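Me: Before I rely on any of the labels in this description, I would like to see how each of them was reached. Could you take me through them with the criteria set out?

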Amino acid sequence: MTQPDPVFHPAFDIGAATLDCGVEPRTDSYDAVEWPDYVPLVDWSGCEPTPDQAVMNRWLTTRPLDALAILHVGAGNSSPARLAASTARAVDAVTVSPHELTHARGLELPGYTVHLVNKYSEQFACALTGRQFDCILDNNLVSFACCQRHAERYFETLAALLNPDGIIVTHRLGMRFILESAGVEKVWRLDTGALRTIAAAYGWQVAPFAGLHFLGAPSAVAGLHLAPSPATALLRLRLRAAVLPATIRMARSFPAGLTGTVIRTFRDKRTPTRRPHRKPHLQNDP
Ligand SMILES: C[S@@+](CC[C@H](N)C(=O)[O-])C[C@H]1O[C@@H](n2cnc3c(N)ncnc32)[C@H](O)[C@@H]1O
């Protein structure tokens, strides 16, 4: 009998130094950060959609949603579900936040199911076995990645869940965001080229459009390279215009303390003064 190869062979290379953090990603490890400047990304249930999520939502409303199965990774305040649940066949969402789960369930939207699971975990790889989604939304594909192995596991899970004609939708703003303060490596700050390198490992192509980035089989994304037309130009403008109000709303929705935290975090990103405690599942040292 052939034994599985215990050596990890990366499927793509964008320069990650930590190939395997050796710690299985969990949901509760997101609550284990003790340092005071930590941005509580864990509970976004009371916040407006982030600017990138807002653009993805606006794009979603331009699509015929009937009969589509949608997976939203990073539930936040369940904004895509609120837009799509009444028309789509099913909307599933994933979160590491019990508060977001409670909030989502309280909405009682038809066909909306939320899963409390870490997307980089084995548990998520098994959670939706057999399901196929036409559209997978994740504005932060690798923003919270602990290592190459677990990032790859997530992409393998997505590959298994994606309908052959389906598309994954992400956005440049979220691609550029990493939770660097919690030890996420800078290589996970993706540009279109890095996303293409990752996508190629799973047989996908990348089609950028007005900040949005679509991933999927060549035939699935082909139509999304929208040829220049007045309607396309208008859609492009409307999507770009969605960023600014959403940014202002997001800044306004921050509690004062959190605003300070975010400002400190961005300042610390420019001039790091001290090394934060790391989340247990992000520790790289043996
Ligand atoms: C900044 S909030 C954004 C929420 C929403 N996508 C938006 O943009 O408005 C980050 C979201 O990602 C989720 N999240 C973060 N890390 C995750 C992980 N490893 N697995 C699953 N969800 C995760 C959080 O629970 C939260 O819903």
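Reply: Among contacts in the protein between residues at least 6 apart in sequence, 71% join residues at least 24 apart, where a contact requires that the two C-beta atoms, placed from the backbone, lie within 7 Å. This is a predicted model, in which local features need pLDDT of at least 70 and side-chain atom pairs count only at pLDDT 80 or more, while totals for chains, interfaces and linings use all residues. Residues are numbered from 1 along each chain as its sequence is written.

Me: How many helices and strands does the protein have, and what makes a stretch count as one?

Reply: There are 10 helices and 7 strands in the protein; helices are DSSP runs of H or I with at least four residues, strands are runs of E with at least two, and both are numbered from the N terminus.

Me: What is the order of the strands in the open sheet, and which are its edge strands?

Reply: The 7 strands of the open sheet follow the order 3-2-1-4-5-7-6, with mixed pairing. Strand 3 (112-116) and strand 6 (205-209) are the edge strands, since each pairs on one side only, and two strands pair if DSSP finds at least two bridges between them. On average, neighbouring strands of this sheet are turned by 20 degrees against each other, direction ignored. Helix 1 (residues 51-60) packs on the sheet and touches strand 4 (133-137), strand 5 (162-171) and strand 7 (212-216), its direction making about 140 degrees with that of strand 5; such angles run from 0 to 180 degrees between N-to-C directions, with axes fitted to C-alpha atoms, for helices over the stretch in contact.

Me: Why is strand 7 described as largely enclosed by the rest of the structure?

Reply: Strand 7 is described in that way because 5 of its 5 residues are buried, a label given if 20 or more other C-beta atoms lie within 10 Å of a residue's own, whereas 12 or fewer make it exposed and counts in between make it partly exposed, with C-beta atoms placed from the backbone. Both faces are covered, with Leu212, Phe214 and Gly216 buried on one side and His213 and Leu215 on the other. Strand 7 is joined to strand 5 by 5 antiparallel bridges, and to strand 6 by 5 bridges, also antiparallel. Thr170 stands opposite His213, and Ala207 opposite Phe214. Strand 6 and strand 7 form a hairpin with 2 residues between them, and in its turn Ala210 has a positive phi of about 50 degrees.

Me: What makes the phi of Ala67 and that of Ser78 worth a remark?

Reply: Most residues other than glycine have a negative phi. Ala67, however, has a phi near 70 degrees, and Ser78 has a positive phi of about 60 degrees although it is not a glycine. Ala67 lies in the loop between helix 1 and strand 1 (69-73), and Ser78 in the loop between strand 1 and helix 2 (79-84).

Me: Are Ala67, Ser78, Gly111 and Leu60 buried, partly exposed or exposed, and what puts each in its class?

Reply: Ala67 has 10 C-beta neighbours inside 10 Å and therefore counts as exposed, while Ser78, with 26 other C-beta atoms within 10 Å, is buried. Gly111, in the loop between helix 3 and strand 3, has 16 such atoms and so falls in the partly exposed class. Leu60, in helix 1, has 20 other C-beta atoms within 10 Å and is therefore buried. Leaving aside neighbours within four places in sequence, Leu60 is in contact with Pro80, Leu83 and Ala84, and the C-alpha atoms of Leu60 and Ala84 are separated by 8.1 Å.
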